Amino acid sequence: MAYKRPRASSPSSSQKRSRPSKYISLGTELPEDDGDDGAFVPVWKQTVTDERGRRRLHGAFTGGFSAGYFNTVGSKEGWAPKTFVSSRANRNKDQPNGAAQRAEDFMDDEDLAQAAETRQLETAQNFAGIGEAGAMKDDGMFGLFLTQEETMGVKIAQSMGWRRDQGIGRKVRRNARLEDDAAGDSAAHLFAPDDARVMTVPREQVRRKGLGYLSEARLGDIVENEVERASGPDLHFLQGSKKALAVRKPTVKKSSFGVGILNDTGSDDEDPYELGPKITFNKTLGKDKKAKKPSKFAKAGASDKPVFISKKETSKALAISSRRSMDGNPPLAGFTLAAETAELKSKSRYPAPKIPSGWKSSKGVSAATPANFQSVADAAKVSTLDAKARSTLLGEKPLPGKSIFDFIPKGARDRLADLSGKADLPQGLGQSGPEGHLPAASAQPKDLWSLVPALDKVLAAGALAKGATGWMPYAEDFQKRTRYVSFLELRAGLKDDLPERSRGVSISDWTKELQEFAHAAEVFKPTTGIMASRFTSSTTSTLPQNGGNEANENLRKPVAKPEDPAESAAKLGMYGAMTRSSFPFHPSRLLCKRFNVQPPPDMPPAFNTSGTGFKAQTEEPVSKNAMEKMLHDVLTNGTAMQRPGWMGQAAEAAAPQSQSVEHATVDVEKNEALSNERAPEDVFKAIFGDDDDDE
Amino acid sequence: MPAFPTIPIAKLSGHNGIVHAVAYSSGSQSYILTGSSDRTIRLYNPKKAPPSSVAPAASNVYPPGLVNKYSAHGYEVLSIHVNADNDRFVSTGGDKTVFLWDVQTAQTIRRYSGHAGRVNRGVFGGDGDSIIATGSFDGTVKIWDVKSKSHKPIMTLDDAKDSITDVSVQDGEIISASVDGRVRSYDIRTGTCHVDVIGYPCTSLDVTKKGTELLVSSLDSTIRLMDRANGDMLKAYTDEAFLNKDLRVRSTLGLNDSVVLSGSDNGMIFVWDIMGGECLHRFKHSEMREVQGKGTTAGQTGKKDVVSAVAFCTARREWASAGGDGSVVVWGVER
């Protein structure tokens, strides 16, 4: 194992100090590694070595004290520490292919190929602009997005003899437009009309605004648009760059919904978050406040830069707005006349062609046409047939339907006839309606039944029972309470007629009340289980109003607690079995020890079952009889574990005998404890009789 | 019927407040211990305190008959009970503590604290007076061990729904009377507690020598003799003049369980025949005389007129009554 040598033993430093001559050797050479020779060594050259000459104390960043496996840091076998470089300041600089991972790092060749494929852009169709070098005129990349495929309109027009770059219409006779403008022969050739450019309405001009919308008077924009429209097709996607080139117009303050904090004009008295109407208060008494003066520091309109409005534009706008529409009236409020369409209209109208005299149309009107021509309406007027007659004429079967007059009674029909003044109304027959549409008495209850809300039968019965014993809602309105009760009875199955509805009550009110009843029954259903044992129903709160006596009464009378029967018996003087009860308790062992008594068995014996009475029981936890019997059992049979097998049978045979316990006869009619007579007087005498009595 | 002691033979004076507790010493019962709301317990020798004696004006002078003073309680002393060996007694008081005293040195041997309210009664019990049973306003009966140095009660009986007013230990049974109108007999041998409903707040208990009957005072101006075996009422003792509706007054059996003796709210002391139930004697405590007839009750309902404690001497024909005026009167047959 090669150790890192201490600095002193490295040949460079040691040989510097005492380099032996190659040729002369005098005496014995001192061993090289004698360590400290007294020469001055600066601190950074001093090293600490262990007893075997290995270097210790490598320093914090070169592995620390005694670093590596057996101090191998820095040696050939060991781990070579590098200079520590803090990556805090420059994280990615020193790591050319470091931690920053890209998606490509995780791709295989196939994925990479696919990714490269997606980079290539192709057009799905053949586009007109591509390859047409000459066509790149003014329309920018417009041709690029026009497909070469002809539209159907173009196809039709072409089949009708139209060519590209021609106008549509009759051919025009005119001179050929040559460079050398030979204006001599006027009626030269027939030319297709000039191609008229399609009027493209720029998107901004398509006013998709509501009625009454006042745009922000951006005159400049209109001018700009007009300028732009003059040149080439309207390319909205190119407008941005064009606009950017144009001198930025000063922005007029816009108004829009809400005013953000960024729209702050800088004046302090304007709360951007103010809600509600602005109310100005007079802060001075006596005189009206003057109109708010512009601030000292900001002149009026200082925030807005001066906007140049050319006189021409304003006059034009004025002309447009004051112009009348075609019918001579000013445009409707909120509408403006379109300035552009006016140009189209201003095209000269050509007068209708004159029909040459003597011209006769080949499609002349035939003379056979009857002179007394009648329109259909006139013919219909003349006809006396009504719908029924026509239907009979046409052989239609009469419709099965009946007239309203078949159903209304005669009196009603007469009244109608009187009112309308028409005597020829059909006779009122007063028939009853068809089977499925009987509206009256029999149908109504059925509908009303559906309105009666459902309620669980048990629940209804419970609510009824609760009402019978305790509290019931609607104590202040007895009629409502009776209605409530009848509803409950209905739902509990005690009744089966519809809940009554008073005269003036509408069905909706009635239904509402019934639903309220159903809800009340659910709410005030009797509590069950644990909850029932925790709550008690309060006494009725509405006391009969009887004048002065009321003041003395408390608002709430204390509810008498159910009295303990033992207490009531005690109050009546019926002491004895009624007033006595007993429960077991467990005296601690120490207490029993202090009383010098045996601790009681775990389960105290049943109290007072035997005739021996209280005293005997207190003296002996286990009666003598029982003790003897147990002892006898053990002596004769041995304990259960020691008993041999054959004795089990005997024990079992003996078991029924021992289990023949007499059942106590309980006389329900008679309570001996109560009916017992007092002990006779002489018993008392015997107990309390004093020795000195006979003196 | 022996003659009932009706003559005041001694007057023990010196207390500055209502005397809540009177107890005869054990054995020959020649000494009387009194506990008062002036926070002291005094040991008197009634033989040296003639009925004409008056309390001395100076507080450092011992009144006639006073043997010793025991003061450690911070509040009124409510009960005193002397053990059979006559060398120790237990006192309880309004400071929620129970003190076990050494009679000779007048020092407390043990101080038991654990009750949450004033301790109404503390009695010795068990084999060789090895425990102290105390009943407190907090509704519990706590049983303390005298023999060990434990500061915790051996047992706490917290069945009562209201203040415990009196506790009695009788031959393996601990009997407690409570304001909730019930007398509870805890039988330690059987581990059973018998609850007898009296119906009115019970204030005092006394057990006959045989242990089969129980004398219970309750706040309906009635004293009842109950049969402990089955809870029957054997006799009820009332009188027209007998008034006990508000205050805790003690009642006791006397003359070998032949008479019932009780103080009252209005300064009278009543003696009933235990068998017949008729009122034999009426005494006026403050006037130290027997009252013939029905007695006077007019205008005598002040707090000072209460006869809060009575004690019967079992060795002689003698009894003592302690009143709200701070004096204890000892009644005997003759001087």
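Author: What follows begins with how to read the model, turns to the salt bridges, and ends with a few other local features.

This is a predicted model, in which local features need pLDDT of at least 70 and side-chain atom pairs count only at pLDDT 80 or more, while totals for chains, interfaces and linings use all residues. Residues are numbered from 1 along each chain as its sequence is written, chains are lettered from A and ligands numbered from 1 in the order in which they are written, and side-chain values use heavy atoms, with hydrogens and water left out.

Side chains of opposite charge can pair when their charged atoms come close. A salt bridge is taken here as a side-chain nitrogen of Lys or Arg within 4 Å of a carboxyl oxygen of Asp or Glu, and over all chains the structure holds 16 of them.

One of these bridges joins B:R228 to B:E173, with the closest N and O atoms 2.6 Å apart. B:R228 sits in the loop between β20 (222-227) and β21 (233-237) of chain B, whereas B:E173 belongs to strand β15 (residues 173-178) of chain B, so the pair ties together parts that are 55 residues apart in sequence. Helices (H or I, at least four residues) and strands (E, at least two) are DSSP runs, numbered from the N terminus. To say how covered a residue is, buried means under 20% relative accessible area, exposed over 50%, and partly exposed in between (1.4 Å probe, protein chains only). B:R228 counts as buried because its relative accessibility is 5%, and B:E173 is buried too, with a relative accessible area of 3%.

Chain B also has a salt bridge between B:D220 and B:R224, whose closest N and O atoms are 2.8 Å apart. B:D220 is buried at a relative accessible area of 16%, and B:R224 is buried at 7%.

In chain A, the side chains of A:R413 and A:D414 meet in a salt bridge at 3.2 Å, N to O. Here A:R413 is buried, with a relative accessible area of 7%, but A:D414 is partly exposed, with a relative accessible area of 33%.

B:N86, in the loop between β6 (77-82) and β7 (88-93) of chain B, has a phi near 70 degrees, which is a positive value in a residue other than glycine, and B:N86 is partly exposed at 30% relative accessibility. B:N256, in the loop between β22 (251-254) and β23 (259-262) of chain B, has a phi near 60 degrees, again a positive value in a residue other than glycine, and B:N256 is partly exposed, with a relative accessible area of 38%.

Returning to chain A, helix α13 (residues 478-492) and helix α14 (residues 507-523) pack at an angle of about 70 degrees, with their axes 10 Å apart; the axes are lines fitted to C-alpha atoms over the stretch in contact, and angles run from 0 to 180 degrees between N-to-C directions. That makes α13(A) roughly perpendicular to α14(A), a term that covers angles from 65 to 115 degrees.

Terms used. Parallel < 35°, antiparallel > 145°, perpendicular 65-115°, else oblique.
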